[in-house]
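Below is a briefing on one protein chain, grouped by topic. Please read it alongside the sequence and the 3D view.

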Amino acid sequence: MPVYKSSGRLVNAPAVAVFNKLSNLEGLKSIIANIPDSAVPEDKRELLDGVKVSADSISFPAGPVGEITLQVIERLSPTLIRLQGVGTPVPLTMSLEIAPLSDASCEAAVAIDIAIPKMMAPMIGGTIQKMADQFADVLERLNYE
């Protein structure tokens, strides 16, 4: 399966704090609820409103493929959180990789491992890479206090 990985992003928080914030997905509820309306295009607001979160999974509308659910399958404190697609059209996993740098900072990266046919990779690989990069950008900007 091709792996699309973001570059590492500097996070000004200890690796343990980042891991603790992200390993329980329910913490994302308040983050999603606090996204200002001005930060979300009007045509995407409905998608954001359709996000469902539990401690171990996140589901979101995905256009023609329906709803995509990512379920936590592995937690390795403080360096790894791995999620697996449930009911996705193709097998996929997404890993949040956290590398401690100091007592006050770490590096975070996102890797998406997806089983797409080789002939489709040139057509959709760029989009998947962009998603990995955007997830990493969000990790860099979150407040981990």
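Contact here means heavy atoms within 4.5 Å. This is a predicted model, in which local features need pLDDT of at least 70 and side-chain atom pairs count only at pLDDT 80 or more, while totals for chains, interfaces and linings use all residues. Residues are numbered from 1 along each chain as its sequence is written, and side-chain values use heavy atoms, with hydrogens and water left out.

**Overall architecture**

- The secondary structure comes to four helices and eight strands, where helices (H or I, at least four residues) and strands (E, at least two) are DSSP runs numbered from the N terminus.
- Along the sequence these elements follow the pattern β-β-α-α-α-β-β-β-β-β-β-α.
- The radius of gyration of the protein is 15 Å, close to the 15 Å that the globule rule gives for 145 residues, so the protein is as compact as a globular protein of that length; the radius is taken over C-alpha atoms, and the rule is 2.2 Å times the number of residues to the power 0.38.
- Taken along the principal axes, the C-alpha atoms fill a box of roughly 45 × 35 × 25 Å.
- Buried residues make up 34% of the 145 residues, with buried meaning under 20% relative accessible area, exposed over 50%, and partly exposed in between (1.4 Å probe, protein chains only).
- Of the contacts with a separation of 6 or more, 51% are accounted for by residues 24 or more positions apart.

- Two strands are said to pair if DSSP finds at least two bridges between them.
- S4 and S5 run antiparallel and are joined by five bridges, with Phe-60 having Ile-68 of S5 as its bridge partner; in their hairpin, which has five residues between the strands, Gly-63 takes a positive phi near 55 degrees.
- Strand S5 (residues 67-76) is joined by seven bridges to strand S6 (residues 80-86), again in the antiparallel sense, and the hairpin between them runs through three residues.
- Within that pairing, Leu-76 has Leu-80 of S6 as its bridge partner, and Val-72 has Leu-83.
- S6 in turn pairs antiparallel with strand S7 (residues 92-100) over five bridges, where Leu-80 is partnered by Glu-97 of S7.
- The hairpin of S6 and S7 has five residues between the strands, and in it Gly-87 takes a positive phi near 70 degrees.

**Strand S8 and its partners**

- Nine bridges join S7 to S8, which run antiparallel; a hairpin through five residues connects these two strands, and Ala-99 stands opposite Glu-107 in S8.
- S8 is also joined to S1 by three bridges in the antiparallel sense, with Tyr-4 partnered by Ile-112.
- S2 and S8 likewise run antiparallel and share three bridges, Arg-9 having Ala-108 as its bridge partner in S8.
- Seven of the nine residues of S8 are buried, so this strand is largely enclosed by the rest of the structure.

- Ser-6 lies in the loop between strand S1 (3-5) and strand S2 (9-11) and is buried, with a relative accessible area of 5%.
- Leaving aside residues up to four places away in sequence, Ser-6 touches Ala-109, Val-110, Gln-129, Ala-132, Asp-133 and Ala-136.
- Val-18 is found in helix H1 and counts as buried at 0% relative accessibility.
- With the exclusion of residues up to four places away in sequence, Val-18 touches Val-11, Ala-13, Ile-98, Cys-106 and Tyr-144.
- The C-alpha atoms of Val-18 and Ala-132 are separated by 17 Å, these residues being 114 residues apart along the chain.

**The largest pocket**

- On a 1 Å grid over the protein atoms alone, a pocket is an open set of points where a 1.4 Å probe fits, with protein on both sides within 12 Å along at least five of seven lines, whereas a cavity is a set from which the probe cannot get out; lining residues have an atom within 4 Å of a point.
- The largest pocket holds about 2,000 Å³ of space, the volume being that filled by probe spheres set on the points, which are joined across faces, edges and corners.
- It is lined by 47 residues, of which Val-51, Phe-60, Met-131, Gln-134 and Phe-135 lie nearest its centre.
- The elements that give two or more residues to this lining are helix H1 (15-23), helix H2 (28-33), helix H3 (42-49), strand S4 (57-61), S5, S7, strand S8 (106-114) and helix H4 (121-141).
- H4 gives the most to the lining, with ten residues.
- By class the lining has 38 nonpolar, five polar and four charged residues, where Ala, Val, Leu, Ile, Met, Phe, Trp, Tyr, Cys and Pro count as nonpolar, Asp, Glu, Lys and Arg as charged, and the others, Gly among them, as polar.
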